[in-house]
Structure formats: structure tokens, C-alpha cells
Amino acid sequence: MAKRETKAEREARVARILAAMNQEYGTEYRCYLNHETPWQLLIAVILSAQCTDARVNIVTADLFQKYDSVEKFAAADIRELEQDIHSIGFYHMKAKNIISCCRTLMEQYGGEVPRTIEELTALAGVGRKTANVIRGNIYNEPSIVVDTHVKRISRKLGLTKEEDPEKIEYALMKVLPRDHWILWNIHVITLGRTICTARSPKCGECFLRKDCPSAL
């Protein structure tokens, strides 16, 4: 788009994008990491850093049977846990963070997962992205999760020029209606994995091409 968008034009374009996303992907909240409890999701998200959700789901299928409580993770032998998750990248640090995180959950929160951004980001291995996944998926708190897909595609759509994930999060909060904060990540992950792929985006097939400044 050559000319600068007015605020009204941007709002109209965002509304069209969201409507198209809803129509294409629906409005159901879903999480790509398998879990049955809040603490399982917390551990799965810690494991997912720089790793595919599919690989994490393979590992946690056995992991959550062996360690079926926060207490067992808190008491885990670090070398043994490293072996249990060794097929996932950065397993040394992740094992250390999971044990530390679960010890804090036991000592300060009675084994429960806290809900505020401040409490969550104070846990070992938990940054804003992980905290927002928990807040959105467990507590239904409107939160924008900025992963690699959200960063790349939000920039391609001209919704932010920021590079820093936290700045992108705040920028999107201003652009997107609150009721779409959680859905944005869910929709964009699907779009990024199927159409707007990083290496060879299929712009000609994209249902957002008319509203995307980066469409080829």
C-alpha cells in the first residue's frame, strides 16, 4: 500500500482481516500443546521454546505419565529428567527450569499455577510468551501471545513495525479488539503453518491477500 493509512482505514482493514480469519478458522479456542491440567501446560510451554509442538507432544505423552504431579517434578533428579527430555533442544536448561519452577509452585502456591503476569514471569523458565499462553488458555484472560508466527505475520500485515516481542504485544493490543487477543495467536499459527509460511508464502492462495501490504 503506497499511501499512508488513516486510522479509520486501518480499523476497517483490521475488521476485514479478523472477519476473514473467523470465517476460515472459526472462533473456538484451542491449544496445540496436549495437556490436562494447568501445570502440564506450563511445563509443555517451557519445553516448547525453540522446539515444535509436535515434538513436545511426543515427549510429554510419556513424561506426564512418569511425573504425574507437580510434586514429582519438584523432586525429580535433574540428570534423569534431562534424559527424559533429551530429544528436545536445550534440555539441560529446560530440566533445571522445570524443577525450579515446580519447587516454587509447591513452596509458594500450594502446587497451583498462578494467574498474574508478574507471578508467572517470576517462575524459572517463564517469560511473557509463556505467561500469556497460561493466562489465555487456562484463565481465559485476554492475552496476546507473540511467537515467531505472530511476529512475522503481524509485521507482514502492517499491524506493527516493532521487532521486540513485548513491544509487538503492546502494539497489537492497540490495534486488535480485546475479544480477539487470544484468537489472534491461534489463527496466525494456522495461517503461518499452512499458507503464510516463512520460506515460501503462498500469497496467491491467501484469503487475506487483498488486505495484506506484503502480498506478492
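How many of the residues of helix 8 (residues 128-137) are buried? Helix 8 is mostly covered, with 7 of its 10 residues buried; buried here means under 20% relative accessible area, exposed means over 50%, and partly exposed lies in between (1.4 Å probe, protein chains only).

## What you're looking at

This is a predicted model, where local features need pLDDT of at least 70, side-chain atom pairs count only at pLDDT 80 or more, and totals for chains, interfaces and linings use all residues. Residues are numbered from 1 along each chain as its sequence is written, and side-chain values use heavy atoms, with hydrogens and water left out.

The protein chain has 11 helices and 0 strands. Helices (H or I, at least four residues) and strands (E, at least two) are DSSP runs, numbered from the N terminus.

## Overall shape and surface

For 216 residues, a compact globule would have a radius of gyration near 17 Å, and the 19 Å of the protein chain agrees with that. The radius is taken over C-alpha atoms, and the globule rule is 2.2 Å times the number of residues to the power 0.38. Along the principal axes, the C-alpha atoms fill a box of roughly 60 × 30 × 30 Å.

Some 46% of the 216 residues count as buried. The accessible surface comes to about 11600 Å², and 50% of it belongs to carbon and sulfur atoms; areas come from the Shrake-Rupley method with a 1.4 Å probe, and for residues only the protein chains shown count as cover. Looking at contacts (heavy atoms within 4.5 Å), residues 24 or more positions apart account for 60% of those with a separation of 6 or more.

## Back to helix 8

The buried residues of helix 8 are Thr130, Ala131, Asn132, Val133, Ile134, Arg135 and Gly136. What do they pack against? Their partners are helix 2 (38-48), helix 7 (117-121), helix 10 (165-175) and helix 11 (181-194).

## The two cores

A nonpolar core is a set of buried Ala, Val, Leu, Ile, Met, Phe, Trp, Tyr and Cys residues joined through side-chain atoms within 4.5 Å. The largest one has 38 residues, and those with the most contacts inside it are Leu42, Ile43, Leu47, Leu63, Phe73, Leu81 and Ile98. At least two residues of this core come from each of helix 2, helix 3 (53-66), helix 4 (70-74), helix 6 (91-109), helix 7 and helix 8. Helix 2 gives the largest share, 8 residues.

Setting aside residues up to four places away in sequence, Ile43 touches Phe64, Phe73, Ile98 and Cys102. There's also a second, separate core of 25 residues, which includes Leu18, Leu159, Trp181 and Leu191.

## Three residues worth a click

Thr60 sits in helix 3 and is buried, with a relative accessible area of 3%. Not counting residues up to four places away in sequence, Thr60 touches Asn34 and Leu47. His180 is in the loop between helix 10 and helix 11, and is buried too, with a relative accessible area of 11%. With the sequence neighbours up to four places away left out, His180 touches Leu18 and Asn22.

Gly110, in the loop between helix 6 and helix 7, is exposed, with a relative accessible area of 62%. From C-alpha to C-alpha, Gly110 and Glu71 are 9.9 Å apart in space, and they are 39 residues apart in sequence.
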